[in-house]
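Thanks for coming. I will go through one structure today, starting with a term and then moving from single residues to the two chains together.

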Amino acid sequence: MNEVISLVFIVVGITFDLFGCLGLIRLPDLYNRLQASTKSVTLGTCSILFGVFLKFGFTAAGVKAILCIIFLLLTAPVAAHALARGAHKNGVKLWENSVCDKYSEDQDNL
Amino acid sequence: MKFLRWLAGLVFLSAVIIAIFHYLDIPAGSKLTLYLLLCFFLALYRILRGPTAADRSVATDILGILVVGFCAIMAIFSGKDWYMDIAIAWALQSFIGTLALAKFLEGRGFDE
């Protein structure tokens with residue numbers, strides 16, 4: 001029973017990964033790609049790691065999987081935010097159909 | 001023309017997914033690993049085709065997170081514990097590398 005639940009978690013996680021990478025190659029703009037792929041792939045990988053925890057239980061590998069989930073949930077948004085900020089300062093243009101750019105408005109007001 | 005490209009991509013992806021699911025005579029764990037390998041190739045396509053350096057940095061970040069999931073799947077289906085050590089170490093290194101790339105894109109030095 002436990003193995004079946006862990007397999008379901010792993011299949012859901014791989015589906016999330018696949019759709020995140022599809023957004024990475026499909027969407028028109030750097031910021032859209034970052035928006036689509038980072039969150040989706042992080043959640044999918046966390047789901048895979050939770051499946052590993054359900055399979056192994058409270059052994060060394062399972063506790064390492066829980067540690068890895070906590071670490072990913074803490075660091076992946078920080079890395080994505082730093083990348084978006086660096087790209088905006090580097091002068092990467094938005095998509096031409098984007099409607100607002102709050103960050104550059106703030107930079108102008110300062 | 002755009003619709004044709006969209007349709008060709010959809011047919012190609014569906015063909016790969018259905019071929020892995022039906023026509024390969026391998027165990028289930030290897031099939032899941034092959035689906036993750038498809039994700040790797042999609043991210044590698046963005047690294048090759050990305051118009052700017054920032055696109056390549058984003059795809060590298062995504063690739064680093066995918067490798068963690070790959071190590072987790074290998075830990076289950078090969079039954080070896082030390083793949084989880086590789087996963088934790090890879091998550092650390094990927095985070096630090098992404099922060100360094102972001103600092104480089106921002107145009108500042110590392111010691112600020």
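This is a predicted model: local features need pLDDT of at least 70, side-chain atom pairs count only at pLDDT 80 or more; totals for chains, interfaces and linings use all residues.

A helix here is a DSSP run of H or I covering at least four residues, and helices are numbered from the N terminus.

Is A:Gly13 buried or exposed? The cut-off for a buried residue is 20 or more other C-beta atoms within 10 Å. A:Gly13 has 26 C-beta neighbours inside 10 Å, so it counts as buried. Which residues is A:Gly13 in contact with, leaving aside its neighbours within four places in sequence? In chain A they are A:Gly44, A:Thr45, A:Ser47, A:Ile48 and A:Gly51, and in chain B there is B:Gly69. From A:Gly13 to A:Val41 is 28 residues in sequence, yet 8.3 Å in space from C-alpha to C-alpha.

Another residue of helix H1 of chain A is A:Leu18. A:Leu18 has 20 other C-beta atoms within 10 Å, and therefore it is buried. Once the neighbours within four places in sequence are set aside, the contacts of A:Leu18 are B:Tyr35, B:Leu38 and B:Cys39.

Now to chain B by itself. How many helices and strands does chain B have? The count is 4 helices and 0 strands, and along the sequence the pattern reads α-α-α-α. The radius of gyration of chain B is 18 Å, while the globule rule gives 13 Å for 112 residues; the value is well over the rule, so chain B is more spread out than a compact globule. Along the principal axes, the C-alpha atoms of chain B fill a box of roughly 55 × 50 × 15 Å. Of the 112 residues in chain B, 31% are buried. Taking contacts in chain B with a separation of 6 or more, 36% join residues 24 or more positions apart.

Next, how the chains meet. Chain A puts 40 residues into the contact, and chain B puts in 39. On the chain B side, helix H2 (28–49), helix H3 (53–78) and helix H4 (83–106) each supply at least two residues. H3(B) gives the most to that side, with 15 residues. By class, the chain B side has 27 nonpolar, 5 polar and 7 charged residues.

One helix pair crosses between the chains. The axes of helix H3 of chain A, residues 60–90, and H4(B) come within 9 Å and cross at roughly 10°. Because of that angle, H3(A) is roughly parallel to H4(B). The contact of this pair has 18 nonpolar, 4 polar and 6 charged residues.

Last, the largest nonpolar core. It has 57 residues, and A:Leu49, B:Ile62 and B:Ala72 touch the most other members. Which helices each supply at least two residues of this core? In chain A they are helix H1 (2–26), helix H2 (30–56) and H3, and in chain B they are H2, H3 and H4. H3(B) gives the most to this core, with 14 residues. As for A:Leu49, leaving aside its neighbours within four places in sequence, it is in contact with A:Ala65, A:Cys68, A:Ile69 and B:Ala72.

Definitions and conventions:
Residues are numbered from 1 along each chain as its sequence is written. Chains are lettered from A and ligands numbered from 1 in the order in which they are written. Two residues are in contact if their C-beta atoms, placed from the backbone, lie within 7 Å. Ala, Val, Leu, Ile, Met, Phe, Trp, Tyr, Cys and Pro count as nonpolar, Asp, Glu, Lys and Arg as charged, and the others, Gly among them, as polar. Axes are lines fitted to C-alpha atoms, for helices over the stretch in contact, and angles run from 0 to 180 degrees between N-to-C directions. Angles under 35 degrees count as roughly parallel, over 145 as roughly antiparallel, 65 to 115 as roughly perpendicular and the rest as oblique. A nonpolar core is a set of buried Ala, Val, Leu, Ile, Met, Phe, Trp, Tyr and Cys residues joined through C-beta atoms within 7 Å. A residue is buried if 20 or more other C-beta atoms lie within 10 Å of its own, exposed if 12 or fewer, and partly exposed in between; C-beta atoms are placed from the backbone. The radius of gyration is taken over C-alpha atoms; the globule rule is 2.2 Å times the number of residues to the power 0.38.
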